[in-house]
Every structure is written in C-alpha cells, then in structure tokens.
Amino acid sequence: MGLFEDEAYDQWPSKKNTVLKSHGRPPWYGQDGKRISDAFVIGIAGGSASGKTHVARQIVRSLGNVPTVIILSQDSFYNELDPEQHALAHQNRFDFDHPSSIDMPMFAACLSDLKACKQTNIPIYSFTHHQRLKETKYLYGASIIIAEGIMALQDPGLRDLYDLKVFVQCDSDLMLARRIQRDVKERGRSVEGVLEQYLRYVKPAFDNFVQPTSKYADIVVPGSNNSVAIELIATHIRRQMTGRASRFRKSMTCKPIDPESGSAVHHPNLIVLKQTPQVKGIYTILRDQTTKKQDFVFFVDRLATFLIEKAMEHLPYRRKAVETPIGAVAEGSELDVKNICGVSILRSGGPLEKGLTRVLSDVRVGSLLVQSDVKTGEPLLLHVMLPVCVRERHLAEDAWVFLLDAQIGTGASAFMAIRTLLDHGVREEHIIFVTFLVARSGGVAVLARAFPRVRIVCGAVDDVLRETWLDGYEPGAGPEVLAGAPGTELSVDAGRKAWIMEPGMGQIGDRYYL
Ligand SMILES: Nc1ncnc2c1ncn2[C@@H]1O[C@H](COP(=O)(O)OP(=O)(O)O)[C@@H](O)[C@H]1O
Ligand SMILES: Nc1ccn([C@@H]2O[C@H](COP(=O)(O)O)[C@@H](O)[C@H]2O)c(=O)n1
C-alpha cells in the first residue's frame with residue numbers, strides 16, 4: 001500500500017478516515033541519525049456534523065506546499081461491540097456519544113506513534129455495520145497530523161499531544177440538518193432512526209461532554225463561513241513548520257573526522273567483495289562507457305547475485321541434519337530468521353532487487369522513493385511501500401532487511417531509508433545495505449557515525465566524490481535545468497551542483513533501464 005495517498009479517503013467505508021497529502025518529506029533527523037522534531041499535531045473537536053472533517057480538509061488545502069499531512073479521525077476508534085450491544089446499535093439504542101464508546105488509549109497510542117515519526121496501523125470502521133473491518137490502515141511519515149473527533153479534546157493525555165487545539169462551534173439546527181442528510185446518504189440510516197438517536201444520546205452528550213471541552217481550545221472556528229479562521233490556522237502552522245526540517249546535505253559530502261584520532265572515520269561494517277580477477281573484470285566492463293546496454297545489463301545482473309550472496313553470509317544460520325537419498329545423514333545448516341525482505345530505493349535499486357529474488361525466490365520486496373528538493377538540495381521522502389514484515393511493528397523487530405541501492409555517494413538517500421526502517425522498529429543490526437559502489441570520502445563515513453551497526457555490502461569503493469556543475473547548467477537558469485540532467489545519480493544542492501563519483505559507473509539506473 002502506498003504511503004502518501006493524496007485525498008485517498010473517499011474509498012473508505014467509514015467517514016473520512018485519513019487524508020495524506022505530500023509534497024515530499026524533508027529530513028526529520030539530524031546528523032547523528034536521531035529525530036530532531038516531532039510531527040506538528042492539531043486536535044479538532046466539535047459536535048457531530050459541526051464540520052470538523054471539513055475544517056481539517058480545508059486546512060490541508062490551504063496549507064498548500066508543505067510536507068506530508070495526515071487527517072486522523074477519532075471515528076476509526078469506536079470500541080468493538082459484543083452481540084447484545086450490536087443488536088442495540090442497530091435499533092439506535094446504543095450510546096455512541098459517551099466518551100467510553102471510544103477506545104481512547106488506542107487513539108492516543110496511535111497518535112503518539114505518528115507524532116514521534118513512527119508508523120501506526122489504525123482500525124477501519126464501518127458506520128453501516130457498527131464495527132471495525134478486519135483490515136487496518138497503515139500510516140507513516142506525516143510532518144503534520146490533524147486529529148479530529150467529537151471527543152478530541154476530552155482526555156487530558158490527548159490534549160497534551162496537541163500543538164494546537166481547535167473547537168468547531170456550530171448552530172445545533174445546522175448540525176442536526178447536516179447529520180440527517182449525511183447519515184441517510186453515507187451511513188445507511190433512516191431519518192426516524194437519526195432523530196431517535198439524536199434526541200436520546202447525541203444532543204445530551206453534546207451538552208454534557210463535547211461543548212464543555214471548547215474551553216480547552218486555542219481557537220474556536222465557526223462551523224460555516226469559516227475561510228478566514230482556516231487561513232489563520234494554516235498561516236500559524238506554516239510558521240511553526242518553518243525551520244523544523246534538518247538541513248545537512250552539504251555536510252554529508254565532507255569527511256567526518258574522528259575527534260579522538262583526528263583521522264577520517266571509516267565504516268566499521270563496510271564489507272567489500274574480494275577483488276578477485278573475476279570481480280575486477282566485471283567492474284572493468286561496467287565502468288567502460290563503450291559497454292553496450294545488453295552487456296551492461298548482463299554483468300550488472302551477475303554482480304547483483306554475487307553481492308546478495310555475500311550479504312547472505314551475514315544472516316544467522318542454525319545447524320540442520322538431513323537424510324540423503326541413500327539414507328545417510330548429512331550435517332548442514334539452514335537460515336535462522338523469522339522474516340526477511342528487501343527494500344529497494346527507487347529506481348536504481350531495481351537491478352539488486354532482481355538479484356535478491358534470484359537468491360531468495362519468495363522474498364517480499366518493498367520500495368522507497370527519495371528525490372532531491374530542487375530548491376534546497378535536501379532529500380525528500382516521496383513514497384514508501386514496505387513489506388508487511390516491516391509495516392507491522394511486532395514483526396519488524398525480528399525482520400532482516402536488505403536495503404538496495406546502486407551506489408552510496410553523499411549517502412543522503414541511504415540515510416533517509418535507514419531512518420525510515422528504524423522508525424518502523426527494524427533493528428539497526430538487522431539492516432544490510434547492498435550496493436554496487438560506494439564513495440569512501442562521502443556518505444559511508446556519515447552513515448558510519450550515525451548507524452554503525454548497519455552493514456554495507458558493496459563491490460567496489462571509489463575514493464573521489466567530486467562536486468560539479470550539472471551538465472548543461474548555466475548559473476541563473478531555472479530549476480527545469482535539473483529535470484533529467486545527466487550525472488545526477490547523487491543529488492543536487494541549491495547551487496545546482498551535483499556530486500559524482502570517480503571513476504564511477506555513470507548513472508547505473510539509466511544505463512540499465514533506458
Ligand atoms: N463550512 C461548511 N460549509 C458547507 N458545508 C459544510 C461545512 N462544513 C461541513 N459541511 C457539510 O456538513 C456535513 C458534515 O460535515 P463534517 O465535516 O463531515 O462534520 P463532522 O466531521 O464534524 O462530523 C458534510 O456533508 C459537509 O460537507
Ligand atoms: N456506530 C456508530 C458510531 C458512531 N456514531 C455517531 O457518530 C457521531 C460522531 O461522528 P461525527 O463524524 O459526526 O463526528 C457520534 O455522534 C455518534 O452518534 C454512530 O451513529 N454509529
């Protein structure tokens with residue numbers, strides 16, 4: 001499932017569960033790999049049909065070009081009902097408006113995970129059937145979270161999670177009229193049923209529990225004609241977001257110096273293929289600019305298999321005895337891992353992905369898309385599609401992940417990809433980065449400092465990571481120069497420069513696929 005699904009919520013059976021909107025997520029961590037700031041969280045409360053979801057969506061629209069936003073609806077967290085309660089619910093005789101009807105601890109837990117930049121899996125609720133569906137919805141990667149629900153400001157623990165608290169104040173008649181319309185159209189209810197439920201539970205609960213929480217709000221927004229208030233909120237959020245992203249692209253290309261020895265830091269877990277004549281021969285063909293595409297693809301595929309086999313040496317194995325066809329016992333070994341998967345950094349990780357599936361035929365492979373921001377040169381996380389054993393927290397901590405990318409130059413994409421896996425609970429020592437080429441003076445040293453337990457398996461090490469003007473770039477030209485500019489396998493900074501590896505292999509993805 002894709003992570004950043006713009007306006008994806010119309011497909012959900014319950015109310016608008018989540019909206020994810022992304023213009024790419026800049027680094028949320030510092031040079032030491034640790035998180036530097038939490039996501040910004042807005043809590044929106046108000047009566048049923050007061051317009052909370054509408055306000056949340058309007059805020060998202062008004063925010064425009066900001067990093068990823070998620071709308072998290074409290075509606076997803078109604079408690080499971082037993083058969084008796086279920087029967088009552090279908091007769092409009094169950095109180096869904098009492099605070100105890102919502103699984104507040106679960107809502108708070110999901111929200112705090114998202115705030116702390118971790119992934120979460122939220123329930124999907126069906127208002128028609130008054131129950132949670134079997135599937136859950138995976139969420140990850142928001143810089144801004146809007147949590148909305150009638151009880152969003154009810155719980156003190158929840159209130160502590162918000163950076164901004166909003167209450168939507170709406171006229172009761174308008175709320176009732178909207179609710180009748182919506183519940184008949186979208187929630188499979190009859191007009192009589194809506195009115196019965198409204199008079200018995202909704203209105204009293206609004207007066208007793210919902211309206212009193214308006215006192216906690218930083219801002220009260222009208223339930224209609226509220227564009228000015230929404231613009232004010234969006235401006236406030238934009239201001240809060242400024243300066244939150246970490247900027248350290250430039251420093252990633254420098255050789256970090258070990259304060260104790262004074263010499264450049266090398267990666268303690270950099271594993272380079274033995275430079276046999278056979279391996280050297282393959283690299284010679286791959287580095288040669290006259291090599292035809294057909295040969296390039298053939299030798300990349302061959303090398304990918306070598307590298308994956310090398311990486312496999314770092315997985316745990318246990319002893320295993322088998323009986324041979326002649327009835328003898330042979331002592332051997334077998335893989336001792338619960339879950340193993342691949343994650344390919346798009347698009348250059350593709351050839352290694354093929355290598356991985358040749359070696360482990362049933363392995364699941366996910367992907368990450370990281371691209372440089374044209375203005376700042378910082379990496380932006382644009383897309384996350386991870387295998388289930390990483391998406392589910394209880395599986396992630398036992399999972400082993402082969403992270404695949406063609407080369408590590410500045411290390412910016414590798415850094416972001418590793419941080420993403422760690423956010424999901426994958427153990428640092430369970431990540432094996434497999435790559436064709438690394439630049440010694442570049443990102444590996446930065447990665448070594450931040451994530452020393454991640455193993456990097458590569459086939460060759462280039463000493464030079466050179467900063468250069470992009471081909472065809474003239475200072476002062478527009479950002480369109482960057483689109484598809486050759487030699488930008490390694491990212492671009494605000495000055496329209498790229499870092500290229502020497503001697504390098506050129507753009508491995510382009511040479512392989514185009
Ligand atoms: N400002 C508004 N102007 C017009 N219609 C609105 C406005 N706010 C909400 N509505 C409509 O009212 C109904 C309920 O709004 P919604 O945002 O789903 O309420 P809540 O999330 O508070 O239950 C929806 O059909 C929505 O389109
Ligand atoms: N099975 C359910 C669960 C909840 N409700 C009603 O939903 C209202 C809250 O949702 P809003 O989108 O209107 O904020 C709440 O007032 C419950 O009565 C329901 O009808 N059935």
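Student: How do you know the class make-up of the shell around ligand 2?

Tutor: Happy to go through it, and keep in mind that this is a predicted model. The shell has seven nonpolar, two polar and three charged residues. In total, 12 residues surround ligand 2, with Ser48, Phe96, Asp97, His130 and Ile150 the closest.

Student: What makes residues of α9 and α10 count as being in contact?

Tutor: Two residues are in contact if their C-beta atoms lie within 7 Å. On the α9 side these are Ile282, Ile285 and Leu286, and α10 brings Asp295, Phe296, Phe299, Val300, Arg302 and Leu303. By class, that contact has seven nonpolar, no polar and two charged residues. Asp and Arg count as charged, so Asp295 and Arg302 are the charged pair here.

Student: How are the axes of these two helices arranged?

Tutor: Helix α9 covers residues 277–287 and helix α10 covers residues 293–312; their axes come within 10 Å and cross at roughly 145°. The crossing is left-handed.

Student: What makes a residue buried, and what share of the chain is buried?

Tutor: A residue is buried if 20 or more other C-beta atoms lie within 10 Å of its own. Of the 514 residues in the chain, 42% are buried.

Student: Where does the domain label come from?

Tutor: From UniProt, where an unreviewed entry places "domain: Phosphoribulokinase/uridine kinase" at residues 41–223. That stretch is 40% helix and 23% strand, and its end C-alpha atoms are 21 Å apart.

Terms used: Residues numbered from 1 in each chain as written. Chains lettered and ligands numbered in written order. Predicted model: local features only at pLDDT ≥ 70, side-chain atom pairs only at ≥ 80, totals over all residues. Near = placed C-beta within 6 Å. Axes fitted to C-alpha atoms, helices over the stretch in contact; angles between N-to-C directions. Helix = DSSP H or I, 4+ residues; strand = E, 2+ residues; numbered from the N terminus. Left-handed = near helix turned anticlockwise from the far one by under 90°. UniProt positions renumbered as here; feature names shortened; annotations may be inferred. Buried ≥ 20, exposed ≤ 12 C-beta atoms within 10 Å, placed from the backbone.
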